[in-house]
Every structure is written in C-alpha cells, then in structure tokens.
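This report describes the fold of one protein, from its overall make-up down to single residues. Please keep the structure in view while reading.

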Amino acid sequence: MRLADAQLETVTYNDGLREEIREGIVKCDCGRSYPVADFVLSFADLFSPILKQEAAFWERYYLWLLEHGSYGFHDLRCGLAPYITVGVPEPFPAADTLDRYDIHYQVAEHPLVRQGRTLLDIGVGLGWTSLHFARAGYKVVAFEPSLGTVKAAKRYAMGQGIFVEYICASLETISFAPASFDTVTAFHSLHHVPDLEAALREVKIWLRPEGALAVDEHVGNSRLAAMLGAEMHRWAESEVFPRYRSLPPEALADLPQEPHSALEDSSVDKVAPCLSKLFEVQEARPRHVFLDHYPLLYYLDTGRDATAYKHALAIANQIQEMVRRVDPDGGDYITIIAKNSPQSAIDTQEREDTGQEPPPSEVDNVTPDADSSLPLQELVSQLTAQGAWARSLEQELQRKNSEIAQLRIAVQRLESGRVMRLLRLVRKARARSRNA
C-alpha cells in the first residue's frame, strides 16, 4: 500500500509530537483507493447496504448527543445523560471513574490484559472505551463503522492530548497482520455482527498467541431485574422527569425514528458460545445494571445533592450484587475475559472434523470475583445453592398458595352443602326450644 496526495500535520500529544496524515489517499496494490480525511482512514466504500444503514443510524444518534451537549460517550470522565432522548439532558455528576465505570477499569487493570501493550478496540462509537484504554497506558487502534462518529472521536482525543489511531471500518471490511495486537476489546459491539463466528476467527488471527480478548455485552435475561428497573422508571417518569425535562419536542424529532438499528442484536445469542468455542475463557462474570441510573435519579430528586448521590450509588451497587448472587444464572450484562490459546483452537477444529461433542462451555462457569481468596468452585457452588434456594422458595410459595385456594373452595362447598344446612336447622330448633 502507498500514500498519495498526503497532507501531513505535526500534532502535539501528552507524550510528545507525532506526525499524522490529515488528508490523503491510501492506494492498495489491488487497485482500490481509500481516503484519509480529518486524520481518519475510511473503508466505508466497502460497506454492504445494510452496514451503511447501520452506520448511518448510529452516526445520527451520536452526533445528536454531541449537538445537545452530551459528551459521556466521548469520555468516561464526562457524565452520561441517559435520559436525554426523553428530553432530560441532566448528566451524572462528576465522579471517580472507578465508581461509575468499574467494568472499564477492571478490564484495563486485569492481569491477563496488563501483560500486553498494543490494543485493538472494536466498535467504539464516540471513543469512550478506546480513550480510557489509551489513558491507562495502552497503544490503541480503534475502529467504528460510523464515519462522522469516529471523526468526532478523533477530534476529541486530539483535544485531550491522547493519541488513538481511529479508523472507519467494520469487522467485515478490515484486516490486520497476524499477531498484531496483545489485546482485543469489544464493548457492546459484537451483537451487531451478523456472521460473528467468522469475524472472531479473524480476530483470533490478529491477536497474538496467549493474548487477551475482553468483551462486555448485554444479555438481559433476568425477569426480576427487568421488573425492578421498570418500576424505577415509572417513579422517575412521575416524580423526577417533569422537573428536569427541558428539551423541546422539536429537538427530539431529530433523533433516529427507527425503533432500533438495522443490525441490532443480530448476534446477541451467539457472543458467549462463539467466545467459548474459539478462545480459552478465563472469567465470565454476569452483572446487573437495572439500578445503574438510580443514583442520578435520586441525585436529581434531592435537588442535586452530591452526598445523596454517593449514598444512592452505594445502595444501587449493593442491591444489584445481591440480585446477582440470588440468581447467578440471570444478568443484564456479562463481561468475558478470554485467552487466545492456540491449543484450544486446534482442539476445537479437531472436534468439528471428527464430530465430537464440545466440552461444557466455560462461560457457564461464572467467576464471581477475580480477586476472591476463596476457591472458584466453592464460590460457584455457593452462588448456585443460593439461586436454587431462592427458586425453591418461590416454588414452595406457589404450592402453598395453591393449597390455600383449594381449602377455600372446600370451605365454600361445606358452607353451602347439605350437612351445613342441617346444622343450621338444628341450631334454630334449639334456639326456639330455649325461648319457649
């Protein structure tokens, strides 16, 4: 590949000066050309129609957020405004990254991830994850199919003095040399990839042997969490939003009107099985997020009381952890840390070639706490027992309710039956005899 018509610019970053390509054309030996504009190389011309539709949806959404002053998806240090799309632009108050975004912190500081320095971040939106990993000391390459969005991410990172190599691309339209990266991360992006297994086989090639793959994805399989979250939102709609809803309806009309993007959840049920099949899963930790917005709502409900926010944050985290322990099979999201083990790939291919059944998925073996001093199996057994205990209580309650209903029916039958009528006649006869 060669560069043509290049306009170079020296950019000052926190770690020194770096010469970057502001504008230019990258020409491939195959005859194709790819533009560089605003410091971003773009492969958007290779996108399929449905991928172009997907990219356009998220570009409209993310750029609308920026237009209305919501920068949380740019930078974890900026507060998200989760209810801006319903007219409430109030963001989370300033807080330590570890308080509100502990998953990002845990991944960046995970021992397996920390063994490497080069990191590929997949599907980054406005760049909040890639910027966090770059600040944590990793050399980051990040890509996203929405061109306007990734250009905005690049501008913001440059303004922060943080170098990230941003590219407009998708898993289907980009390739890297084997073992190019020590770590690959994907936060809330793999469920948009239709042919996920084929894409992850490519990722496996780009990742060095024994390198780390870190994925965070939504699962949303807890009915209890869904009900509790719905009740919280009903309270917010009634008591909080009316006091803080400041965006007019005409502003909201500029949001994407489709109910969801073209490829939303196209592989949501394949993420965990594919990761378990192709990589050596080290940890798979489900978590709940149904109360993640409660601290903000309580903060607003108390007139922006910072102390109230801190208390609500602690309470929300504790309740969500208790729900996770009671029902370890449930969860709103799951974080998976896996190793690129060459041997596991060979074993997987051999099983496919010979028709052998695969071993039990390691994703099923939930690791409750990476830093726990208790043996893994003991913790898994404890959580499994707690979940079984909770479900047995529910079954026992249903059985008791059924017995009570049957007893009520029997009593009603007795009260209206022949024996009861005779007893009432006897009581009346005795009463008359005593009165006589």
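Predicted model: local features only at pLDDT ≥ 70, side-chain atom pairs only at ≥ 80, totals over all residues.

## Overall make-up

The protein has 436 residues, of which 44% count as buried.

Contacts between residues can also be sorted by their separation along the sequence. Among the contacts in the protein with a separation of 6 or more, 74% are made by residues 24 or more positions apart.

## The sheet

Strands of a sheet pair through backbone hydrogen bonds, in either a parallel or an antiparallel sense. In this protein, eleven strands make up an open sheet with mixed pairing, and their order is β1-β2-β3-β4-β7-β6-β5-β8-β9-β11-β10. The edges are taken by β1 (2-13) and β10 (280-287); each has a single partner strand, so one side of each is left without a neighbour in the sheet. On average, and with direction ignored, neighbouring strands of this sheet are turned by 20 degrees against each other.

Part of the order can be followed strand by strand. Strand β3 (residues 33-37) and strand β4 (residues 40-42) run antiparallel and are joined by two bridges; V36 has L41 in β4 as its bridge partner. β4 also pairs with strand β7 (residues 165-168), in the parallel sense and over two bridges. Here L41 stands opposite I167 in β7. Strand β6 (residues 139-144) runs parallel to β7, and four bridges join the two. In this pairing, F143 stands opposite I167.

## A strand residue and its surroundings

Which strand holds V215? V215 lies in strand β9. Its relative accessibility is 2%, and V215 therefore counts as buried, since the cut-off for buried is under 20%. Apart from neighbours within four places in sequence, V215 is in contact with A186, L190, V271, L275, I334, T335 and I336.

## Helix pairs

Two packed helices are described by the angle between their axes and the distance between the axes. Helix α1 (residues 49-67) packs with helix α6 (residues 147-159) at an angle of about 40 degrees, and their axes are 7 Å apart. That angle makes α1 oblique to α6. On the side of α1, the contact involves W58, E59, Y62, L63 and L66, which meet L147, G148, T149 and A152 in α6. By class, six residues of this contact are nonpolar, two are polar and one is charged.

Helix α12 (residues 294-301) and helix α13 (residues 306-326) have axes that come within 8 Å and cross at roughly 150 degrees. The two helices are therefore roughly antiparallel to each other, as angles over 145 degrees are classed in this way. The crossing of α12 past α13 is right-handed. Y294, P295, L296, Y298 and Y299 of α12 make the contact with A306, A308, Y309, A312, L313 and A316 of α13. The residues of this contact comprise eleven nonpolar, no polar and no charged.

## A mostly covered helix

How many of the eight residues of helix α5 (residues 128-135) are buried? Seven of the eight are, and the helix is mostly covered. The buried residues are W128, T129, S130, L131, H132, F133 and A134. After α5 comes G137, with a positive phi near 110 degrees.

Most residues other than glycine have a negative phi. D5 is not a glycine, yet its phi is positive, at about 50 degrees. D5 is found in strand β1, and with 63% relative accessibility it counts as exposed.

D38, also not a glycine, has a positive phi of about 55 degrees. D38 is located in the loop between β3 and β4. With a relative accessibility of 28%, D38 counts as partly exposed.

Key. Residues numbered from 1 in each chain as written. Heavy atoms only, no water. Buried < 20%, exposed > 50% of the residue type's maximum accessible area, 1.4 Å probe, protein only. Axes fitted to C-alpha atoms, helices over the stretch in contact; angles between N-to-C directions. Parallel < 35°, antiparallel > 145°, perpendicular 65-115°, else oblique. Contact = heavy atoms within 4.5 Å. Nonpolar A, V, L, I, M, F, W, Y, C, P; charged D, E, K, R; others polar. Left-handed = near helix turned anticlockwise from the far one by under 90°. Pairing = 2+ DSSP bridges.
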